[in-house]
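Hello,

Please find the structure below. My notes come after it.

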Amino acid sequence: METSSPPPPPPEMALTPTDDHLRHVEKDVLIPKIMREKARERCSDQVQDFTKCCKDSGFLMVVKCRKENSALKECLIAHYTNPDFYEECKMEYLKEREEFRKTGISTKNRLQKLPTSM
């Protein structure tokens, strides 16, 4: 029994690599995920200070690390509410999506080191 592939989508529904339309999941989940990752990198000093304080304070971290927690929150919120930062992350996402649509290989898989033969 032969299986045929499904017919291609109509031209108006076909995905082009450079299509800039964003689905809800991209706007509400994928781009914010990139924003969180990049904001953590940019706030690495505050992340390190808070982490060190928590390790040093043990169970009392809730009380003892308020200053470090506030500094970390302030830094992260400054990035999350910055429209330019959102646009930067959106463009990064669109670039990754375009590359995936062209090659069929996700960025994560493309960046993994290929095994070498001996």
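Predicted model: local features only at pLDDT ≥ 70, side-chain atom pairs only at ≥ 80, totals over all residues.

Numbering runs from 1 along each chain as its sequence is written, and side-chain values use heavy atoms, without hydrogens or water.

**Fold.** The protein chain has six helices and zero strands. Of the 118 residues, 19% count as buried (under 20% relative accessible area, 1.4 Å probe, protein chains only).

**Helix H1.** H1 has 19 residues and reaches 26 Å from first C-alpha to last, close to the 27 Å expected (1.5 Å times one less than its number of residues). A kink of about 25° is centred on Pro32; the bend is the angle between axes fitted to the seven residues ending there and the seven starting there. Its buried residues are Glu26, Ile31, Ile34, Met35, Lys38 and Ala39.

The largest pocket holds about 540 Å³ of space. A pocket is an open set of points on a 1 Å grid over the protein atoms alone, where a 1.4 Å probe fits, with protein on both sides within 12 Å along at least five of seven lines; lining residues have an atom within 4 Å of a point. Volume is the space filled by probe spheres set on the points, which are joined across faces, edges and corners. Of the 17 lining residues, Ile34, Tyr93, Glu96, Thr107 and Lys108 are closest to the centre. H1 gives the most, with seven residues.

Best wishes

Terms used:
Helix = DSSP H or I, 4+ residues; strand = E, 2+ residues; numbered from the N terminus. Buried < 20%, exposed > 50% of the residue type's maximum accessible area, 1.4 Å probe, protein only.
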